[in-house]
Amino acid sequence: MDDSYKALFSIRNYRLLLLSQTISVIGDGVYAIALIWLMKLLTGSALWMSVLLVAETLPLIVLGMFAGVIVDRSSKRKILICCDIARGLIIGMVILLWATGLLQPYQLIAAALLLSSFTAFFGPARAVTVRNVVPEPYMFQAQSVAQLVQTVVGLSAPALGAWLLTFGTVYAFSFNAATFFVSCLLLMTVRDARMTERKEEKMNIASLAADFKEGLDTIMTQPLLRNLIIYIMLINFMLSPTALLFPLMVNNSSELAVLEISFFIGIAAGALVTGFVRRWPYVVTMSTGLGLLMTGLGMLFWIRGLVWEALFVFIAGLGSPLANVTLQTLFMLKVPRPVLGRAAGMMRVLTEGSRPLAMMLTGMLLSWIPVRSFFGVMGIFGIMVIVLMVMNPAIRKDSDASVHHPAAAEAGAATKEVM
């Protein structure tokens, strides 16, 4: 193992955070496949399924504008623990309603809204915590490991979810609820003074507005981040319908599991590849990843057969970590630590703001347009956006790979600081 990774894993708090993520990732994977499948069972309607996905996204956008501000002013530890407990209880209510035959589509949508609302606070709090416990020289390695865990551990989630669904939806949701509570217990063992830091200044509308503006200004004053946001927004707009299109393209939960597993295998392979491309300029790594992602999905318009579909979904997954790890690393290192929480919330708002519109449009258009046609349009326009991104001089200029290779002395000093 590379010495930098050994140093990273020697940090106790990082190991606990990583284990917490590992536990929750597999539960989230089961929940994701069970949630959309449950709505399909309840309604059989593409429009209802798209409304459900919009309900999952809206709180991340609306609350995301303020969640980061509140995270920066509050105890990150309390936020993380309370969010896990609340999300576990929400899933418990879904289980109870479904088991008693009382669950209605609008109740499932309400549960998705509530769950996503707590996730809006959990995400920035976790980002700040990771930034606090991981030294800057190891941030790229930490993001690579996080991506690897997100996918390698998630390999079993779609298959496990499909298997649990054969016994009953209750089993899939029960598993997810349990992972929230286990993750909560692990987070309680993380000890870092910066996790409980909070501003003494009283929160009011004026102070929230000032912090909100500071988070936005932090991103907009970084030329690289400012330019990347535009292209990421366009790509997210095109990719958003994927969560809706996959379940509609297959005939049963087993075929859906095959596609999900293929995608995660591709992401796992891509996460391993990130360790060999650290010397590449950021724009090259990101454009390569996005190119594989959009090409793999776009080919689903032309090809037929589960084996071929799984192959191109694998190619799409292969590109995902190359793009995601690069973007996450740039964000972590470009944004000053004191404003990271509010900047993380604002970044999510800006990059995901187009998703609800994309999913609602897809849900309505599916009555007239075949499912596979969306993949064809997705691939063509995605490649066009990538070309424009690569041609942008601001992105090319500010995307050197120097931050991947900090001096060894600096790395050693930073490690001693957090151990």
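The protein chain contains 20 helices and zero strands. The model is a predicted one. Of the 419 residues in the chain, 55% count as buried. Among contacts with a sequence separation of 6 or more, 89% join residues 24 or more positions apart.

Two helix pairs illustrate the packing. Two packed helices are described by the angle between their axes and the distance between the axes. For helix α3 (residues 46-62) and helix α6 (residues 105-133), the axes come within 7 Å and cross at roughly 25°. Angles under 35 degrees count as roughly parallel, and α3 is therefore roughly parallel to α6. The crossing of these two helices is right-handed. On the α3 side, the residues that meet α6 are W48, V51, L52, A55, E56, T57, P59 and L60. Their counterparts in α6 are P105, Y106, L108, I109, A112, L113, S116, S117, T119 and A120. By class, the residues of this contact between α3 and α6 comprise 13 nonpolar, four polar and one charged.

The second pair is helix α2 (residues 12-43) and helix α9 (residues 169-188), whose axes come within 8 Å and cross at roughly 155°. Because angles over 145 degrees count as roughly antiparallel, α2 is classed as roughly antiparallel to α9. Here the crossing is left-handed. The contact of α2 with α9 is made up of 17 nonpolar residues, seven polar residues and one charged residue.

Helix α9 also holds C184. This cysteine has a relative accessible area of 4%; buried means under 20%, so C184 is buried. Leaving aside neighbours within four places in sequence, C184 is in contact with I81, D84 and I85.

An α-helix has 3.6 residues a turn, so residues three or four places apart point the same way. In helix α17 (residues 355-365), the buried residues include P356, A358, M359, T362 and G363. These residues cover an arc of only 165° around the axis, and they therefore lie on the same side of α17.

Note on methods: Residues numbered from 1 in each chain as written. Predicted model: local features only at pLDDT ≥ 70, side-chain atom pairs only at ≥ 80, totals over all residues. Heavy atoms only, no water. Axes fitted to C-alpha atoms, helices over the stretch in contact; angles between N-to-C directions. Helix = DSSP H or I, 4+ residues; strand = E, 2+ residues; numbered from the N terminus. Parallel < 35°, antiparallel > 145°, perpendicular 65-115°, else oblique. Left-handed = near helix turned anticlockwise from the far one by under 90°. Contact = heavy atoms within 4.5 Å. Nonpolar A, V, L, I, M, F, W, Y, C, P; charged D, E, K, R; others polar. Buried < 20%, exposed > 50% of the residue type's maximum accessible area, 1.4 Å probe, protein only. Arc of directions from axis to C-beta.
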